[in-house]
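Let us read a structure together, taking one feature at a time.

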Amino acid sequence: MDNVCYNDLLEKVKTYIHNPKDLERIYEAYKFADLKHKNQMRKSGDPYITHPLHVAIILAELHVGPDTIIAGLLHDVVEDTDVVLNEIKDKFGPDVAGMVDGVTKLTKMKFASLEQKQAENHQKMLLAMGKDIRVIVVKLADRLHNIRTIDAQNPEKRERICKETLEIYAPLAHRLGMFKIKAELEDRSLRYTDPIMFKKIEEDISSTNSARLENIDHIIVEIKDYLKTEGVNDFEIKGRVKNIYSIYKKMINQHKEFEDIYDVLAIRIIVDTIDNCYRVLGLIHAKYTPVPKRFKDYIAVPKPNMYQSLHTTVISGAGLTFEVQIRTKEMDQIAELGIAAHWAYKENVTYSKEKEQFEIAQKLKWYADLLQFNEEDKDESDPKTFVDSIRKDILTTSVYVYTPTGDVIDLPKGATPIDLAYKIHTELGNTMIGALVNKKIVPLDYELQNGDIVSIRTNKNSQGPSASWLKIAKTTHARHKIKSFLNKQNKDILLESGKRQLEEEFQSQRIYNYELKDEFVLKNFGKNNIETVTDLYIEIGKGTISEKTVVMKYIGEVKRDRETIIQQSIAKFNRGQKHISETGVIVDGLTNPQIKLAVCCYPIPGDPIVGYITKGTGIVVHHQNCKNLANLQKERLINLTWADNINRKYPLALKILAKTNNQLLADVMNTLSTLNINVSSLNVKNNLNLETIIKIKILVTDIEELDKVLVNLYKIPAVNEIRRENLCA
Ligand code: MN
């Protein structure tokens, strides 16, 4: 039976919060939570309120501010009782409400799977954490208490919670530098995720190594005396055993036996100044034999979670290997409490959430990354991908490398120069052609090491990333950028080929002046999710839509449009407002131009046309492919368009080449008369190849009628070829 009560919390809180108003608010929050959780029980059989109370106590031990304590007390009321967020906002303010919302799971939604549900909840929490980092501190306190009491859960849930803790929460605690909480979360979770190994390591530490533990006590005494005789007086020294999970990880990741792990035992020496850290290091190296390559200076180069310390591994005269950590008091506090030490509540200091967030982002590079990540990628990917990439890119162990200008960049272990380039800037990745590490050329799949100085070689003419880079890049961020580059490149190719195919089809239908608009695409293909002209080109390029279909629809549409325009124009005409020249050609800006149709190429409505400004006879309208244009002065050409509502016939000259045959002329004339086409002149000749050449002038309304004529003339077996006179091929 858990007998925790409000006084237990008050005792902790009173050690650093004294303002009566704050204490009053905390008490109010307790009473509110107690009332709302009344009659609710935990799986253990304890009253539910014991849980938020413990969470608040854990938070008070971290010396967080009153709002965070209040959020800890209220963290489950929205999820588990009838309280709504607005009530919390009204009673305790927006900051508290924001934190409570951040830790509240999405319970009212339906999910496709448990996995999906978990991913959505993680995403929600990570996004909330990007707005207010205290969300995760409350969540970690919540998780810590749940793990401490996990025995009450059924085995299946127990395992799931422990696995989730190792995958998400312990790494978050690590990234925040909260080592105490991290170590406890890890060891308690490992007990259920790998009980056999857990037991084995526990036994190894306690039994077979009790001798080592005893030895370490001797060594502590030895070092104490030694430092004193060397004149170092202000120091504290502790011995400790590495937490079980970190030993486990070393055994698994580095395939080591327990006996091969040097730093199972560690001695921590805490001194007053940074100078003394280095001095003590020198003394330790003078007395014991340092193990090569085991010295790490995290004072000069702090870890991304702000951790600072000197680490070295040495061997005693008796052959015992142990790690020595040397740091100042401030460093030690940050090492134990991490981010929480940074914002440890100071009374009478005005607190601004935004300022705090900013400072933290400055100190914790990865937090700045997370903020950027939230900004860039939350909409582009589903929750599972989002959470996975944060896990892989931000929460895993990292290497840090330098840019040539000395900036430190933090990347997941195993990252390559490609990951680095994309992390700095997308464009840098897209134009990258190679990399120099410590001034030597390395292959693109080189695995970056701590302390490498990396410069990225680029070339503006680079073709960009190739698909093989996807296998090399380690971070989801880089892979994502490479994929979108490749997709876009593919799209560009498809777009170009789709556009060309459509153009050819229009041309084969003798439509030259077409204009595709998004509305047309949306109306005709919107139901297939094709909404813009660009989309349409891409689909044609892919072959999912045939260019013929598009042209057919276009012709249908234009006809309908034309009919409505004709209707409208008739209405206009009836009101006496018609302003179209007799030829049916419109010249922009001129209401009554003097216009003549050329008698060389005989343009008809639907043809692409151009106007030639003559010296005496006004504007002459030519087909854009007229052979005579080559001999005309370019400066005098102007753009022209056909009116839509033309109601007249146009002369047109055709040349028909056919095999000589008695029926030929009759066939041609019959065809034309069935189509109701007037013939204004006719000239028939035979050449030496036994070919008949018919030059014929007919009257047609427009290019569509001409198409009908051509299609039917070609049906005559003897006809080989029909050309319009004076047009370039
Ligand atoms: Mn809870």
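**Reading the metal site and the rings**

Q: Which residues coordinate the manganese ion, and at what distances?
A: Donors are N, O and S atoms within 2.8 Å of the metal (3.2 Å for Na, K and Ca), and water is not among the atoms, so sites may look incomplete. Here the manganese ion is held by H51 (NE2), H75 (NE2), D76 (OD) and D142 (OD), at 2.2 to 2.4 Å, and along the chain these donors follow the spacing H-x23-H-D-x65-D. This is a predicted model, in which local features need pLDDT of at least 70 and side-chain atom pairs count only at pLDDT 80 or more, while totals for chains, interfaces and linings use all residues. Residues are numbered from 1 along each chain as its sequence is written, and side-chain values use heavy atoms, with hydrogens and water left out.

Q: Are H75 and D76 buried or exposed?
A: Buried means under 20% relative accessible area, exposed over 50%, and partly exposed in between (1.4 Å probe, protein chains only). H75 is buried at 1%, and D76 is buried at 7%.

Q: How is a pair of aromatic rings described?
A: The distance of the centres and the angle of the planes describe it. Rings of Phe, Tyr and Trp (its six-membered ring) pair if their centres lie within 6.5 Å, and planes under 30 degrees apart count as stacked, over 60 as edge-to-face and the rest as tilted. The structure holds 14 aromatic pairs, among them the stacked pair of F506 and Y514, with 3.7 Å centre to centre and 15 degrees between the planes. F506 is buried at 0%, whereas Y514 is partly exposed at 22%. Ring pairs link F506, Y514, F520, F525 and Y554 into a cluster.
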